[in-house]
Amino acid sequence: MITTSGLTKVYQSRGREVTALDGVDLHVREGEVYGVIGQSGAGKSSLIRCVNLLERPTSGTVTVAGQDLTALAGRGRRAGKGLREARSRIGMVFQHFNLLSSRTVRGNVELPLEILGISGQARSRKALELLDLVGLADKAKSYPGQLSGGQKQRVGIARALAGDPKVLLSDEATSALDPETTRSVLQLLRDINQQLGLTVLLITHEMDVVKTVCDSAALMRQGRIVESGTVDGLLATPGSELAHALFPVGGAATGPDRTVVDVTFLGEAAARPVISQLSRTYNIDISILGAAMDTVGGRQIGRMRIELPGRYEDNVVPIGFLREQGLQAETVDAPSDGSPDVPARTADPLTKEVAK
Amino acid sequence: MTWSEMQPLLSQGTVDTLYMVLWSALVTVIGGLPLGILLVLTDKGGLLQNVVVNKVVGAIVNIGRSLPFIILLIALIPFTTWVVGTFIGPSAMIVPLAVGAIPFFARLVETAVREVDHGLVEAVQSMGGSVPTIVRKVLLPQALPSIVSGVTTTVIVLIGYSAMAGAVGGEGLGSKAVTYGFQRFDNQFMLITVVLLVVIVTVVQLIGDLAVRLLARRGRATS
């Protein structure tokens, strides 16, 4: 639904060149919620602005719903008719809502309809319908200044949906909201995605957002996509940075007399008493070093770091048993020899990053 | 002078002053508003970025603003004569008054429009809005309270200018004050014209403030 290839954006700033996007290839499938996560300055904002060409990429192409937007854009700074029409089919939600304080809530939702040239009556009917959808039918006559942050963002979402878009872009839509409001706004995005079959591309710096609503995710760093895939797939990928960031589990690494294993439970496996079966079957003592359990995209997912006595060689059979049960099991080696512990280190700044 | 002698002079003067100020204010708004918007749009990073147009318009506005009005008034006599047919009288004065106030008002509009949050412009761009749409539906409505307050300031400046115009063949309270108050040493008459001008300015300011308050109330949280 959204494909970018080789997307590059270079800013000229006081004679210096700053590369915000460095060859980004993104592929968002129809009907999914795709989250791009990264720290401030990773290039997320530039990426989402390049998708509807609010910012012109330096090179590379953007295709939305089969239409090559970069070809429509032309050379000038001004957006031509073709690009403007294409934009009207892409909804966008902003971190700071960007509602017009001079218009009522209904007036704000009607704005894109006015741009589309829809007549007065149809416009107000559609606006009221959308306000009903986002649960703000009673606020139609209020001004944005009279609403709370969460309500403003709901108006923003209603406005973004007014042109019946196929694609919704969300630029840190929940970053200015408190955790509870964030949850309800994300729930709304999820509902819209399911009810209207809308494809959603969102950028965020909050892992929770990815955990709550995303089907797929990508991790951005320094203008590049470091990792991407479905959330399920990422969780099942040994050594995935995103998986570790989604489910940070603590605990020491494998030593000479113990084997530390990360176990990932997906779907129905999460409900089975696997650990106690393991303990009974092989008569071994298992200590749990860390664990996290959550619902990702409506599915139960858990991650657990356990310690088995003895060296790795002694534990090949129990680990094999875990894998037989349909679980992901990977041993955690000492940091000196490499990869598996790297994510644990990078997980921290990601989850702790605060709003801009 | 007795009151019955003064009264017709004062009422004629007030009518002429209001006539000159209101018409020139109208011309100023019509001329200054697009100019102010043009200055924002063509500026660096603006929607219609155009350095040449921006610099040229900016220079003209600056020249217009730095000329003392009394000099502009005299320098414009040939132009005024060409437009109105004469350079004397209230109608003729509308020309130099408007020419003097347009650059001033254009800068006020520029400041007001520049203050509109760029996020709103971006939002309307993302809906597929064209530049005229952005101007009509975002920039002007959002900047309206500031623009109205700029109109108030401009009208008050025009009242001051119009009194000056009285010295160079205009009519109105300024002209009456010069002719009767100054040249005939009638201090009482002078005082009354001053009071009248103060009253006019105060009323204009009150009306302007009220309009701004009514407009700004929309956006503010009242719940």
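Q: Which residue takes a positive phi in the hairpin of S9(A) and S10(A)?
A: Gln222(A) does, with a phi near 50°, in a hairpin that has two residues between the strands. Helices (H or I, at least four residues) and strands (E, at least two) are DSSP runs numbered from the N terminus. Please keep in mind that this is a predicted model, in which local features need pLDDT of at least 70, side-chain atom pairs count only at pLDDT 80 or more, and totals for chains, interfaces and linings use all residues. Residues are numbered from 1 along each chain as its sequence is written, and chains are lettered from A and ligands numbered from 1 in the order in which they are written.

Q: How many bridges join S9(A) to S10(A)?
A: Six, and the two strands run antiparallel. Strands count as paired if DSSP finds at least two bridges between them.

Q: And what stands opposite Leu219(A)?
A: Glu227(A), in S10(A).

Q: Turning to domains, which ones does chain A have?
A: The assignment gives domain 1 (2–235) and domain 2 (241–352); such bounds come from an automatic or database domain assignment. Taken over C-alpha atoms, the centres of domain 1 and domain 2 of chain A are 36 Å apart.

Q: How many residues does each of the two domains bring to the contact?
A: Domain 1 of chain A brings 14 residues and domain 2 of chain A brings 14 residues. Residues are in contact if their C-beta atoms, placed from the backbone, lie within 7 Å.

Q: Which elements supply the domain 1 side?
A: Helix H8 (207–213), strand S9 (216–221), strand S10 (224–230) and helix H9 (231–235) of chain A each supply at least two residues. H9(A) gives the most, four residues. By class, this side of domain 1 of chain A has nine nonpolar, one polar and four charged residues. Here Ala, Val, Leu, Ile, Met, Phe, Trp, Tyr, Cys and Pro count as nonpolar, Asp, Glu, Lys and Arg as charged, and the others, Gly among them, as polar.

Q: Is H1(A) buried or exposed?
A: Helix H1 (residues 44–51) of chain A has eight of its eight residues buried, so it is largely enclosed by the rest of the structure. Among the buried residues are Lys44(A) and Arg49(A). A residue is buried if 20 or more other C-beta atoms lie within 10 Å of its own, exposed if 12 or fewer, and partly exposed in between, with C-beta atoms placed from the backbone. After H1(A) comes Leu53(A), with a positive phi near 60°.

Q: Which element of chain A has the lowest mean pLDDT?
A: Helix H13 (residues 342–352) of chain A, at 40, whereas helix H4 (residues 105–115) of chain A has the highest, 95. pLDDT is the predictor's confidence in each residue, from 0 to 100. For chain A the mean is 84, but residues 336–356 stay under 50.

Q: What about chain B: how many helices and strands?
A: Nine helices and zero strands. Of its 223 residues, 42% are buried.

Q: What does UniProt annotate there?
A: An unreviewed UniProt entry places "domain: ABC transmembrane type-1" on residues 14–208 of chain B. That stretch is 83% helix.

Q: Lastly, how many residues do chains A and B put into their contact?
A: Chain A puts in 23 residues and chain B 24. On the chain A side, helix H3 (81–87), strand S6 (90–94) and H4 each supply at least two.

Terms used. UniProt positions renumbered as here; feature names shortened; annotations may be inferred.
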